[in-house]
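Here is a friendly walk through a few local features of a protein model. Have the sequence and the 3D view open side by side as you read.

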Amino acid sequence: MKLGLVQELEIVKITENGVYLSDPQDSVPVNAPSDSSPEDLTVQKVLLPKNQSPKNAQIGMRLTVFLYKDSEDRPIATTTIPPITLGATAMLPVKEVTKIGAFLSWGLAKDLLLPFKEQIVKVKEGDGVLVALYIDKSSRLCATAKVYDYLRTDSEYHENDTVTGVVYEIIDAFGAYVAVDNRYSAMIPKQELFNPLKLGDIVTAYVRRVLPDGKLTLSLRGPAYLELSGDAAKIYDKLIASGGFLPYHDKTDPETIKSVFSLSKNAFKRAVGHLLKEGKITLSGVGIKAVGVDSSNAEPSK
C-alpha cells in the first residue's frame, strides 16, 4: 500500500472509530507508477473513518479507497477518489494562499499544499493551476506546478488532429509548453506563436508532428488549405481599413509580417496569391493595392 494511490483493500479489523484496511496479498495498487517496488508499499494497515465505512462492514470485505495523510500526519483511507493521484497531473483550484504556499482544493478533508518553491509563477485564490502529485522529503503528498517530467507521451493523437490543452510554461527561446487534456506532453514552437500566450491559457491547436518519443508538436493554425480563406480575408480587411494600400510584399521581413498580420511569411504569400487570383489586389515592389479603391492618399509617393 502506498500514499496517493487508489487501491482495493480488505477490512481486517472493525472498531468504534471505523474499519482498518490492509492488503494481505501485498498486491500492487491499481494505478501505481510503473517503477513502484515492493519496498515502496510500506503501509501495513490504515483506518477508514466510521463516517465512510459501510454499515454492513465485515472482515474480509474489499473496498476501493485512496490513501493520504490527515491533519495529524497519519496515513488514512477515504472512499472519496480525488481528481489526481501519485505521479499524475490535473488542474486544481487554489483555495487559499498562506506563508508556506498555496493550498489546492481536491475534494478531500485536508487541502493539498503547493509549496512556493514548486510554483512557476505565484498563484492567487481562485486560480486554476496544473499540478502533479508527488511525495516530499517529509513523506507527505504535495503538488508541483513543474509538471514537464510528469506528463505522459502515450496519447493516441495523430498529425492534423485537433487538441485542447493548457499552457503551463513559456520559454522564449523554445516556445510554449502545453499539457494536452491536462496530461500529455506537447509544445508550440516559438515560430508558431503568432499571437501572445500566457500561463494558464486554454488553447485549441492542431497536431503538426508526433515525435518519436511520443511528445506532440502543435500549431495554433490548421492545415494551410483550411486557413487560406481566413488569412486572405484578414489581409484584405486590413488593406481596406488602411485606405486601399499596404507597404508589404514578397521582400518584407518575416518578423514584420508576423507582427502586422499574425501570419508566417509563407501564409502571407499564399493569402496574397489567393487575393491576386480573385482579382481583388495588385502587387508591386512597394506593396499591395486594392483593386477599385482610390489609394492615392494611402500609397507612399515614389
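At 34% relative accessibility, R62 counts as partly exposed, a class that lies between buried (under 20% relative accessible area) and exposed (over 50%), using a 1.4 Å probe and protein chains only. The model is a predicted one, in which local features need pLDDT of at least 70, side-chain atom pairs count only at pLDDT 80 or more, and totals for chains, interfaces and linings use all residues. Residues are numbered from 1 along each chain as its sequence is written, and side-chain values use heavy atoms, with hydrogens and water left out.

Side chains of opposite charge can pair when their charged atoms come close. A salt bridge here is a side-chain nitrogen of Lys or Arg within 4 Å of a carboxyl oxygen of Asp or Glu. By this rule the count comes to 12 salt bridges, and three of these pairs are set out below.

| E8 | R62 | 3.2 Å |

Salt bridges that share partners join E8, E10 and R62 into one network. E10 sits in strand β1 and R62 in strand β4, 52 residues apart, so this pair links distant parts of the chain. Strands are DSSP runs (E, at least two residues), numbered from the N terminus. E8 is partly exposed, with a relative accessible area of 40%. In the other pair, E72 is exposed at 56% relative accessible area, whereas R74 is partly exposed at 44%.

## A serine in a loop

Next, find S155 in the loop between β10 (141-144) and β11 (162-171). Is S155 buried or exposed? With a relative accessible area of 17%, S155 is buried. Its side chain reaches the backbone nitrogen of Y157 at 3.4 Å. Leaving aside neighbours within four places in sequence, S155 is in contact (heavy atoms within 4.5 Å) with Y184 and L216.

## A nonpolar patch

Which residues form a nonpolar patch on the surface? They are I120, V121, I170 and L199, with about 260 Å² of accessible area together. Patches are made of residues with over 30% relative accessible area and no salt bridge, where nonpolar side chains (Val, Leu, Ile, Met, Phe, Trp, Tyr) are joined within 5 Å and like charges within 9 Å. Accessible areas come from the Shrake-Rupley method with a 1.4 Å probe. I120 itself lies in the loop between β8 (112-115) and β9 (128-135), and I120 is partly exposed, at 32% relative accessible area.

Technical notes
Helix = DSSP H or I, 4+ residues; strand = E, 2+ residues; numbered from the N terminus. Polar contact = N/O pair within 3.5 Å; in protein donor to acceptor, adjacent residues only side chain to side chain.
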